[in-house]
Amino acid sequence: GNVTSYIQRGKGPKYNSSGSVRVVSQKCVQWSGFSLDKARFIDDGSLGAYDGERFLQTNDLLWNSTGTGTVGRINVLDHVSEKGLVADTHVTVIRPLLIDSNFIWCYIAAPFIQTRIELSHVNPLISGTTNQVELNKSTVVCLPIPIPPLKEEHRIVAKVDELMALCDQLKVQLSDAQTIQTHLADAIVEQATT
């Protein structure tokens, strides 16, 4: 809470089949980024009930706050047009203050935080039952975040990006190797049977 200018769960919208503002739901927040394909529109007539700070901004972190299987997913909104998106009640919006959003993402997405998004953990970040779990706003506000100097945050994010790209390359190479192995095995079996 001390390193943000805004932390708030989204608001329950009045939906419409069309409109000028889309609603980011937990389905939209993926580990790989955001997918607005499933985002619905808010009724333009209800926009007056939204304070200006409720409209999502570039570099906001969106953290899924409910739902077995979706709670805990987090991502950084890298670009949004002004007053183009709002979040629904299942998503917590975190607006960092003088901290790199991608650094906070690296921290929250790390296994030592994500493993705490299990009811069976000794010190869980969530509450509820196995049918419906919830990440409370008060938990998010009180979550300790290490704060290195801003230049160090940028270096950490750059290194994580570099390592993630390397992991992606290794996955492709492993997939290619498995494909070649399968073709070789098929060829050997075909030669043995002819």
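1. Where is the place of Arg-54? Arg-54 sits in the loop between strand 6 and strand 7, where helices (H or I, at least four residues) and strands (E, at least two) are DSSP runs numbered from the N terminus. The model is a predicted one, in which local features need pLDDT of at least 70 and side-chain atom pairs count only at pLDDT 80 or more, while totals for chains, interfaces and linings use all residues. Residues are numbered from 1 along each chain as its sequence is written, and side-chain values use heavy atoms, with hydrogens and water left out.

2. Arg-54 has a relative accessible area of 19% and is therefore buried, given that buried means under 20% relative accessible area, exposed over 50%, and partly exposed in between (1.4 Å probe, protein chains only). Leaving aside neighbours within four places in sequence, Arg-54 is in contact (heavy atoms within 4.5 Å) with Tyr-6, Gln-8, Arg-9, Gly-10, Lys-11, Leu-85 and Val-86.

3. On a 1 Å grid over the protein atoms alone, a cavity is a set of points where a 1.4 Å probe fits but cannot get out, a pocket is an open set with protein on both sides within 12 Å along at least five of seven lines, and lining residues have an atom within 4 Å of a point. The structure holds 1 cavity of 30 Å³ or more, and about 40 Å³ of space lies in the largest cavity, a volume being the space filled by probe spheres set on grid points that are joined across faces, edges and corners.

4. The largest pocket holds about 310 Å³ of space and is lined by 14 residues, among which Trp-31, Asn-75, Asn-102, Trp-105 and Asp-161 lie nearest its centre. Strand 5 (33-34), strand 8, helix 1 and helix 4 (150-193) each give two or more residues to this lining, and helix 4 gives the most, with 4 residues.

5. The largest nonpolar core has 26 residues, and those with the most contacts inside it are Leu-61, Trp-63, Ile-74, Trp-105, Ile-108, Leu-135 and Leu-143; such a core is a set of buried Ala, Val, Leu, Ile, Met, Phe, Trp, Tyr and Cys residues joined through side-chain atoms within 4.5 Å. Strand 7, strand 8 (74-76) and helix 1 each supply at least two residues of this core, and the largest share, 7 residues, comes from helix 1. A second, separate core of 13 residues includes Val-29, Ala-39, Leu-62 and Leu-77.

6. Asn-59 has a positive phi, near 80°, and is found in the loop between strand 6 (40-42) and strand 7 (61-64), where it is partly exposed at a relative accessible area of 38%. Leu-98 has a positive phi of about 60° and is found in the loop between strand 10 (91-96) and helix 1 (101-109); with a relative accessible area of 77%, Leu-98 is exposed.

7. Finally, a search of the whole structure finds 0 disulfides, a disulfide being a pair of cysteine sulfur atoms within 2.5 Å. Cys-106 counts as buried at 14% relative accessibility, whereas Cys-142 counts as exposed at 62%.
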